[in-house]
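User: I have a chain open here and would like to go through it piece by piece. Can you help me read it?
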Amino acid sequence: MLAFAAGDAGAFDRLYARHRATVFRFVSRSLPSRADAEEVFQEVWMKAIEARHRYEPRAKFTTWLYRVLYNLCVDRLRARQTASGEPLDDALVERLADEAPTGE
């Protein structure tokens, strides 16, 4: 990510290639709709592009990436629940958090 922020466009391609499969698996398991999963998958990479100049390596890139991804998934689930009038299932949010890779 630091190389990408410094102007190395190929660095983003390498990040994407390295993490795209695990990111897509995470969103596919976390969201009930394939359309939602695809949208969140694209959104997390757009967030990475937008954040390249603000990114601070206080933790591994994957820790940052999965925190953003987790937040996007929860936001999507909340939006769906709000639209349907049903409360967000706390057990689902906890399961989502359990599936996210840790910084360790």
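Predicted model: local features only at pLDDT ≥ 70, side-chain atom pairs only at ≥ 80, totals over all residues.

User: OK. What pattern does the chain follow along the sequence?
Analyst: Read that way, the pattern is α-α-α-α-α. The chain has five helices and zero strands.

User: How much of the chain counts as buried?
Analyst: Of its 104 residues, 37% count as buried. The accessible surface of the chain comes to about 6500 Å², and 50% of that belongs to carbon and sulfur atoms.

User: Which residues touch the most other members in the largest nonpolar core?
Analyst: Val 23, Val 27, Val 44, Trp 45 and Leu 69 do, in a core of 24 residues. The elements that give two or more residues to this core are α2 (9–30), α3 (34–50) and α4 (61–84).

User: Which element gives the most?
Analyst: That is α4, with eight residues.

User: Take Val 23, then. What does Val 23 touch?
Analyst: Leaving out residues up to four places away in sequence, Val 23 touches Phe 41, Val 44, Trp 45, Leu 65, Tyr 66 and Leu 69.

User: Now His 19. Why does His 19 count as buried?
Analyst: His 19 has 10% relative accessibility, and buried means under 20%, so His 19 counts as buried. His 19 lies in helix α2. Apart from neighbours within four places in sequence, His 19 is in contact with Trp 45, Phe 61, Thr 62 and Leu 65.

User: And Ala 37, where is that?
Analyst: Ala 37 is in helix α3. Ala 37 also counts as buried, because its relative accessibility is 2%. Not counting residues up to four places away in sequence, Ala 37 touches Phe 24, Val 27, Ser 28 and Leu 31.

User: How far apart are Ala 37 and Arg 76 in space?
Analyst: They are 9.3 Å apart, C-alpha to C-alpha, with a sequence separation of 39 residues. For the chain in general, residues 24 or more positions apart account for 64% of the contacts with a separation of 6 or more.

User: Which classes of residue are in the lining of the largest pocket?
Analyst: The lining has four nonpolar, one polar and five charged residues. Residues that line the largest pocket include Arg 54, Glu 56, Lys 60, Thr 63 and Trp 64.

Key. Residues numbered from 1 in each chain as written. Heavy atoms only, no water. Core = buried A, V, L, I, M, F, W, Y, C linked by side-chain atoms within 4.5 Å. Buried < 20%, exposed > 50% of the residue type's maximum accessible area, 1.4 Å probe, protein only. Helix = DSSP H or I, 4+ residues; strand = E, 2+ residues; numbered from the N terminus. Contact = heavy atoms within 4.5 Å. 1 Å grid on protein atoms, 1.4 Å probe; cavity = no way out; pocket = protein on both sides within 12 Å on 5 of 7 lines; lining within 4 Å. Nonpolar A, V, L, I, M, F, W, Y, C, P; charged D, E, K, R; others polar. Areas by Shrake-Rupley, 256 points an atom, 1.4 Å probe, with all protein chains shown as cover.
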